[in-house]
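Please find below a colleague's note on the structure shown here. The points are numbered and may be read alongside the sequence.

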Amino acid sequence: AFLQELVERDNCKFEEWCNEMAEMRKQSVARGKIKHEEVKELYKRLPAEAGSPYDFISLEWLQKWLDESTPPKPIDNTACLCSHGKLHPDKISLMKRISEYVADFFYRRYGGGPRLNVKALCKECVVERCRILRLKNQLNEDYKTVTNLLKITVKGSDGFWVGKASLRSWRQLALEQLNEQDEDTEHSNGKMNGNAQNKDEPNEEKREEEEELNFNEDIVCPHGDLCISENERRVVSKEAWEKLKQYFPKAPEFPNNKECCSQCKILEREGEENEALHKMMASEQKTSLQNLFHDKCRPCLGSWPQETDELYIVSQFFVEEWRKFVRRPTRYSPVSSVGNSALLCPHGGLMFTYTSMTKEDSKLIALIWPSEWERIQKLFVVDHVIKITRRPSAEEAPESELYTSEPQLCPECREGLLCQQQRDLREYTQATIYIHKVVDNKKVMKDAAPELNVSSSEAEEEREENKPEGEQDPDFNQANGGAKRQKVSHQNYVTYQKQGIRRSTRHRKVRGEKALLVSANQTLKELKIQIMHAFSVAPFDQNLSIDGKILSDDTATLGSLGVIPESVILLKADEPIADYAAMDDVMQGEGGLGAQGR
C-alpha cells in the first residue's frame, strides 16, 4: 500500500508536468503564429514607396527582428550617428530605409532610438566629404605644379624657407592629413559602441606619435624660431608657398629675409668653443699621461720594475673612459675624477690581494708610475689613493720580498667576495658550456697551439671581440695579448663579485666541439638529452667527464656536479660491438657456395 501511494503520487506529478508542457507549447505556438502574422503583414509594408515618408533603422536590429528564435531588444541607432547627431554618410550601408508606418509600429512596440527620418541626413558631413574628395583629386595636379615651381630660382627676398625633408614628403603628409580628417569625421561621435572606441585608441596614439612630422616643423629650432642650419632648408617661391599653404594652413612661416634664432647662434658658438677646449684638453692629457695611454708602457705586478718601490692603482674603468675621451674628445665627455671607491669595500679596505691582482683581478685595475700619479692628482679629482709598496725582507732575497698596500686588505670582505664568486659559479642561468667528443680516448685538441684547430672565421671573430671599443690609435697595444677587458662599475664592490667569475680570455672553440646553453639547476639527464640532439648520441651511450671526474648521477644538478660556465665536458660515445662470429658464418657460407660452383 505504501509503495502504491508513492507510485500514484509520482504519476500525478508527471501528468501535471505533461499538461504544463502542453499548455506552454500551445502558448508558444500561438505566440509564434501571432509573430508570424505580424512579420507577414509588416514585411509587405516594410519598403518605403516613392514620395512617402520614411525612416532609417539599424539593419542588424531588423535582422534580429526577423529571426523568431530571439526576442528583439530596443532599437539602437547610436552607432550610426555623426558628430552632429545625425546619420553619418558612411553608415548608410548599415541602415535600412523603411516606411514610416512600420517605423511607428517598431518604436511603439520595442522602443529605443534615436529616430532617423528624412531630416536626419547630415548635410555638413556630406559637404566635408566632398571637400576632401576634391582636395585629393586636386592634390595630384598641385603636386605637379609645385614640382615645376621648385625648379625656378628665387631672386631677392621674395620667397620663403621650407624644410628639405618637408618638401620631399609634402604630398604624403597632405594625403595623410586628409585621411586623418576623414577618420576624425568618421570616429568623432562619442556615443559609438565599445568596439569602435577600442579601434580609435591606437589611432589616437598613432596621431600623437606623428605630431612631430607636421609640415615645415623640421626647420623649427627648440626655441620656436628658424634653425641655423641652412643645409636642412631651402628657399621656395611665393607661388609655391601659397600652394603648400592651402594644404598646411598652420605650418610655421619663415620669409626669406627672416633671421636665424639668436639663442641657437650663441649655443653654436659655445659648442664650438667647448669642442675646441675638449680637443686641447685631450691633447694635453695624452701628452702628459703617455704611459697611461699606452699599455706597453705601464708597469706590471708580475715583474716588478726595479726603478721604483711603490706603484699606484686606479680602476680599469677610469682608464677606458679616459681613453675614449682622448681618442674622440668631440664625442665623449671629459673625465673629471678617478673613482677608486669601486676597488674598496664598505669598510675602506682593499678588495684584492697582491696575488689576485697579478692573475684573475688584473683586468680590473691599472698600475700607475709615481711620476704619472702626481700628474693624475693635478688633472683629476681622486677620491681614494691606493698604493702598492715593495718592502724587501731582512734576508734581501728576491723571492722573499713583501708587498704591502695602502689601504690594507680587508680579510672579511675578501672572503665574502670569494664566497660570492663560488655561489655565482653554481647559481647561473643560460650559461655556455662546451661539449667535446672524444675519439679513441684522445681529445682532438692541440693544447700547445689551440689556434691550429680554430677555423679562420672563428679566429677572425676572436680578434674582433678582443679589440677594444673605439680602438683607432695605432700606438695603442695591450700587453696581455689583446684579451677582452672588463669594465669596473662605480656602484660598489659588489659589482666586482659579479665580474670576478668572468674568465680573462675567451674559450677557443675547436673542431668537434659544440656550445650548449645550460643552467645550474638543470639535471645531468636533461644535459644528456641536449647532447643527444647535438651529437646524435643516445643518453645511455654517453660517457661524460669533466677534469677527469666521471659524471654518472643523472638526477644530480650541474651546479652540484661542479659544472661552471665555460666548462669543457668530454663526451665518449659507446660504439656498437660487431657480431664477428655471425659475420664469419656468413663469409664461410659464401665461400662454400663459391667452391661448389667451381
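Which residues does Q430 touch, not counting residues up to four places away in sequence?

1. The model is predicted, and the points that follow should be read with this in mind. As to the question above, Q430 touches L517, V518 and S519, when residues up to four places away in sequence are not counted. Q430 itself is found in the loop that links α13 (411–425) to β14.

2. The largest nonpolar core has 23 residues, and the members that touch the most others are L527, V563 and I569. Two or more residues each are supplied by β14 (431–438), β15 (513–518), α16 (524–535), β16 (542–546) and β18 (568–573). Helix α16 gives the largest share, with 5 residues. In soluble globular proteins, nonpolar side chains tend to be buried together.

3. I569 deserves a separate remark. Leaving aside residues up to four places away in sequence, I569 touches I433, Y434, I435, H436, L527, L544, S545, I546, L551 and V563. Another core lies apart from the largest one; it consists of 19 residues, including L311, L364, I365 and C410.

4. Strand β16 is mostly covered, with 4 of its 5 residues buried. It runs antiparallel to β18, to which 4 bridges join it. Within this pairing, L544 has L571 of β18 as its bridge partner.

5. Strand β16 also pairs with β17 (residues 549–551), in the antiparallel sense and over 3 bridges. Here the bridge partner of I546 is K549 in β17. The two strands β16 and β17 form a hairpin, with 2 residues between them. In the turn, D547 has a positive phi of about 55°.

6. A last point concerns the surface. F14, W17, M21 and M24 make a nonpolar surface patch of about 440 Å². Of these, W17 is placed in helix α1 (residues 2–45). Is W17 exposed or partly exposed? W17 counts as partly exposed, because its relative accessibility is 46%, and that class lies between the cut-offs of 20% and 50%.

Key
Residues are numbered from 1 along each chain as its sequence is written. This is a predicted model: local features need pLDDT of at least 70, side-chain atom pairs count only at pLDDT 80 or more; totals for chains, interfaces and linings use all residues. Side-chain values use heavy atoms; hydrogens and water are left out. A nonpolar core is a set of buried Ala, Val, Leu, Ile, Met, Phe, Trp, Tyr and Cys residues joined through side-chain atoms within 4.5 Å. Buried means under 20% relative accessible area, exposed over 50%, partly exposed in between (1.4 Å probe, protein chains only). Contact means heavy atoms within 4.5 Å. Two strands pair if DSSP finds at least two bridges between them. Patches are made of residues with over 30% relative accessible area and no salt bridge: like charges are joined within 9 Å, nonpolar side chains (Val, Leu, Ile, Met, Phe, Trp, Tyr) within 5 Å. Accessible areas come from the Shrake-Rupley method with a 1.4 Å probe; for residues, only the protein chains shown count as cover. A salt bridge is a side-chain nitrogen of Lys or Arg within 4 Å of a carboxyl oxygen of Asp or Glu.
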